[in-house]
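Here is a short briefing to read alongside the structure. Have the viewer open, and follow the topics in order.

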Amino acid sequence: MPETSTGKMSSIHGSSSASVLQYLRLAIVIIIFLTGCLSIVASQFIIIIFFNNDEITKQEMLNFTKKNFVILLTFVTKWVSPTHLIITHDDSIPDNTFQYLTKKSGGEKLLISNLDSKAIIMANHQIYSDWLFLWWIAYLNNCADNFYIIMKDSLKKIPILGYGMENYNFIFLSRKWENDQKIMTEQLNKINETNLNKDIKEDLKKNWLLIFPEGTNMSDNRKEISDNFIKKNNYKLLNQVLLPRVRGLYLSICTLSKTSNFLYDFTIGYSGHKNYEFAQDIFTLNNIYLFGKGPKEVHMHIRSFDIKKIPGIISIDNESISEDELNKKMNLFQDWLFERWQEKDQLLIDFYKNSKFIDNKINKIKNKYESELKLNSIFEIIAVYFIPIFVIILFYLTFLFAKSRLKI
């Protein structure tokens, strides 16, 4: 794996100094992004005030703002760093799960997805914006408003964004299992309760939970830590991925097995870097949004696993199971997960040799679909600002009406 330093990476992948135009573009991006984020948080504040006594409507409206966030990110990323996505899958995904629709105006082709709307998503983690591309798949699947991410607790302390993400019911973990287990169980059970409630609309019963089992980006020091653990425990060495952590994913699958049907395994590969380089050192947020040097191609290979057929998966609230039995079940799942990660590693080894995912002994490419990272309609960006603008106009008209009545 990489021995190249970050400094050398800069010389390989272009100058690190920005031009006046790039700074101008960054300024515009910051304005659009900040005003969008402020509008989304303002929308949430308005929703919480006006619908505080109507929990179902409140959640439905907050989910609307959740979809607006991925709309905002997609709009900005499309403008500053256009990205081409290539999606492949094996025969565990039914034919016609992905389809192209042709827009009546202009004849533009749009990609749509019909993956199961109640699922858990796991993926390898290479760069800070991995989750954007996975959330965009949820957008294609009409699940962007019911998308949940497991992330580091420190992220909720980010001004404005942190408050917004808490309203999205994202799951924030401190990496102290005693605390994290309680937080995860509580929030995952809320997803189950929503799905089992007959009085709640079906649109609210969709749920995609995203978890990166590696726990962090692939980097030099993290690779060393992973390799040392692998050697210590006599596992097979991994080249392009880190050894996955088991407990969080196991708890997620067991808890959501009541209401979720599938575990979708995404393997992500990026063009524009070598197999001995770390993607996070090349596709930094600065490079993507300041210099416009994001990945030109994002390759995503999808496999599907029926949750009920995954070894070791049980109903986590089964009180009749002893701790020893639970550990045995989790060990079965661990063995299964490590095998999947070995397969993922081989997929990526082949990817960096061929610049695409290919057939190998354990995996067959059944279908391939391509699309730009984009919105179905450019006018969707209006939704990001709709609620605050509507409220401002409403108050202004009310003010004018009251003013006219006073004159009478």
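In this predicted model, strand β1 is covered on both of its faces. His84, Ile86 and Thr88 are buried on one side, and Leu85, Ile87 and His89 are buried on the other.

**Strand β1 and its partners**

- β1 spans residues 84–89, and six of its six residues are buried, so the strand is largely enclosed by the rest of the structure. The cut-off behind that reasoning is a relative accessible area under 20%.
- On one side, β1 runs parallel to strand β9 (residues 297–306), and six bridges join the two. Within this pairing, Ile86 has His299 of β9 as its bridge partner.
- β1 also pairs with β10, this time in the antiparallel sense, again over six bridges. Here the bridge partner of Ile86 is Glu370.

**The sheet as a whole**

- Where does β1 sit in the strand order? The open sheet has eight strands and reads β6-β5-β7-β4-β8-β9-β1-β10, with mixed pairing.
- At the edges are β6 (171–173) and β10 (367–372), each of which pairs on one side only.
- Direction ignored, neighbouring strands of the sheet are turned by 20° against each other on average.
- Helix α6 (residues 177–196) packs on this sheet and touches β4, β5 (147–152), β6 and β7 (207–211). The direction of α6 makes about 170° with that of β6.
- Elsewhere in the sheet, strands β4 (residues 118–123) and β8 (residues 262–270) run parallel and are joined by five bridges. Met122 has Asp265 of β8 as its bridge partner.

**Helix α8 against helix α11**

- Helix α8 (residues 247–256) packs with helix α11 (residues 323–354) at an angle of about 110°, and their axes are 10 Å apart. Angles of 65 to 115 degrees count as roughly perpendicular, and α8 and α11 are therefore roughly perpendicular to each other.
- From α8, the contact is made by Arg247, Leu249, Tyr250 and Ile253; from α11, by Leu326, Lys329, Met330, Phe333 and Leu337.
- By class, this contact has seven nonpolar residues, two charged ones and no polar ones.

**A closer look at Thr255**

- Thr255 lies in helix α8. Is Thr255 buried or exposed? At 2% relative accessibility, Thr255 counts as buried.
- Beyond its neighbours within four places in sequence, Thr255 is in contact with Leu188, Asn189, Asn192 and Ile316.

**Helix α4**

- Helix α4 (residues 130–140) is mostly covered, with ten of its eleven residues buried.
- Those buried residues are Asp130, Leu132, Phe133, Leu134, Trp135, Trp136, Ile137, Ala138, Tyr139 and Leu140.
- Just after α4 comes Asn142, which takes a positive phi of about 60°.

**Cysteines**

- How many disulfides does the model have? The count comes to zero, taking a disulfide as a pair of cysteine sulfur atoms within 2.5 Å.
- Cys37 is buried, with a relative accessible area of 4%. Cys254 is buried too, with a relative accessible area of 1%.

Definitions and conventions
Residues numbered from 1 in each chain as written. Predicted model: local features only at pLDDT ≥ 70, side-chain atom pairs only at ≥ 80, totals over all residues. Heavy atoms only, no water. Buried < 20%, exposed > 50% of the residue type's maximum accessible area, 1.4 Å probe, protein only. Pairing = 2+ DSSP bridges. Helix = DSSP H or I, 4+ residues; strand = E, 2+ residues; numbered from the N terminus. Axes fitted to C-alpha atoms, helices over the stretch in contact; angles between N-to-C directions. Contact = heavy atoms within 4.5 Å. Parallel < 35°, antiparallel > 145°, perpendicular 65-115°, else oblique. Nonpolar A, V, L, I, M, F, W, Y, C, P; charged D, E, K, R; others polar.
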